[in-house]
Amino acid sequence: MQVYLPIAEVSVNVFLLLGLGGIVGVLSGIFGVGGGFLITPLLFFIGIPPAVAVSTSANQIVASSVSAVLAHLKRKTVDLKMGVVLLIGGNVGALFGVQVFALMRELGQVDLLVNLSYVLFLGVIGALMFVESLRALLRSGKGVRPKRKKHYWVHNLPFKVKFRTSGLYISAIPPLLVGMAVGVLSAIMGVGGGFIMVPAMIYILGMPTKVVVGTSLFQIIFVAAFTTLMHAITNQTVDIILALFLLIGGVIGAQIGSRVGVRLKAEQLRILLAIIVLGVCFKIALDLLLQPSELFSITLGTG
Amino acid sequence: MRVLLAIALLISSLMPLQAQEQVVAGISQDQISITTDFDGSELLIFGAVKRETAIQQDAPLEVIVTLSGPSGPLNVRQKSRRFGIWINTGNARMDAAPSFYAVNTTAPLDEILSVKANQIARIKVNNAILAIGAFGRVANPGQYREALIRIRENDDLYQLNEGAVKFSEQTLFQTRVTLPANLTEGDFETRIFLLRGGEIVASYQDTLDVRKVGLGRWLYNLSKTNSPAYGVLALIIAVIAGWMASAVFGYFRR
């Protein structure tokens, strides 16, 4: 069954879109990532114009994140206070990131910028997470519990705030900065930023893993909503029909994912996410390194 | 077809003599609606040759039918290897390239169309693309145009169907053009040429309206005319869908 997408102006298979949305939704529910880093390249692959793919995936991330956050709210694994601090920083960062994106588009190398940031960030974060969680998994296998560090250097700053759900009493400055950095990157890479946010919350802020997923999803809703609105107004590239089919698959997947997530151990969760992140990184790096079968590409309009 | 011929002859008898041979033609549809379940379409273009005198015997009459979609500017980019990775290094601007272009003929194009006639009527896809801007900017503009044609031919957006026009008794012709699903809306131009000895002896032109309809049309218009409202609508749908999925799953768990 084919469906004609009015904004993308292409016809695609309905079940393909539902399946894509479903897979990304499951991941979103398990790991608390929006899945933008996965769905955007997948949409390129099935022939959706890149501009439409980037903005529409932001829209679908809103839906799957809302669905997953509601499941997390019921289990009280969302630190709302921390989420608000993060998203204030996030939106400031996103505004700045949009400007950087526009500048790079003028220079005509936006594709390269996006691909290189994907390889760099996915590679570094994936490798760090993989090594760390593998170590943790081996240690827990031997039955030796590591001592959890309660205080990182970033905690010794002014403006201390109590984050009760996370069990933290730390300065508001590091979460604001983390939020801002993620906002900049997510605007440039066209993703919610969960795959950067999750490790940043664990390794920089020292938040417990169970709270990290729900809180990350909570702030992703707002960053992705902001991105969707910006793209709809400035580029007019959000395709509601495309988003609709992706999100029908996505919200169902997210519900399944958030239930699978609670059954897995934190270390297993992290190592799985690390493997997926490294896999996508490897694929994009390969595309940059290997000679493409078609050296030419077409971009519509004057640009 | 008999009826058509009769109609053609009737029309021809009523009209004053303008040329020795003229085209009388019709298209199976004067409008194509792109609905949400649009999956491509097929167009039948048919007609007859109207003539006052007996059929000339010196050279056979040939027919070329072209169908072209709305034209627009675009950029063709070329990748090459820099510092070990493949990045866009060349960029050629095409001033106007049709979004769709089909050429259907009675015989191989080079045998029935002279170089001069092609240049005048811009029949071959090469001539249908305006690439003045590309010349002088890049070293090999022809290569960029070839790449554009190659990519669009793979997507069935550019077609050359030699021998696809059925032409009987040097009078009646008909051909089918398959329109792919990834069609851009706008005015599609149909042109029919009669050729003898490589030269154009008569031509005919008509436009075909390709439009999105229904929900697709409404969404497309809203996204252009009131983009903030469109953005908010997209977000509302997303939030409701997310909430509904959560509510439904919560209900089943209880």
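**View 1. An open six-stranded sheet in chain B has the order β2-β12-β11-β4-β7-β8, with mixed pairing.** The model is predicted: local features need pLDDT of at least 70, side-chain atom pairs count only at pLDDT 80 or more, and totals for chains, interfaces and linings use all residues. Residues are numbered from 1 along each chain as its sequence is written, with chains lettered from A and ligands numbered from 1 in the order in which they are written. Strands (E, at least two residues) and helices (H or I, at least four) are DSSP runs, numbered from the N terminus. Two strands pair if DSSP finds at least two bridges between them. The edge strands, each pairing on one side only, are β2 (31-34) and β8 (158-161) of chain B. From one strand to the next, the twist averages 15 degrees.

**View 2. β2(B) pairs with strand β12 (residues 199-212) of chain B in the parallel sense, over four bridges.** Opposite I32(B) stands V210(B) in β12(B).

**View 3. Helix α1 (residues 14-31) and helix α9 (residues 240-263) of chain A cross at roughly 35 degrees, and their axes come within 5 Å.** Axes are lines fitted to C-alpha atoms, for helices over the stretch in contact, and angles run from 0 to 180 degrees between N-to-C directions. The residues of this contact of α1(A) with α9(A) are 19 nonpolar, 13 polar and no charged. Nonpolar means Ala, Val, Leu, Ile, Met, Phe, Trp, Tyr, Cys and Pro; charged means Asp, Glu, Lys and Arg; the others, Gly among them, count as polar.

**View 4. In chain A, 49 residues are in contact with 49 residues of chain B (C-beta atoms, placed from the backbone, within 7 Å).** On the side of chain A that touches chain B, α9(A) gives the most, with nine residues.

Definitions and conventions. Two residues are in contact if their C-beta atoms, placed from the backbone, lie within 7 Å.
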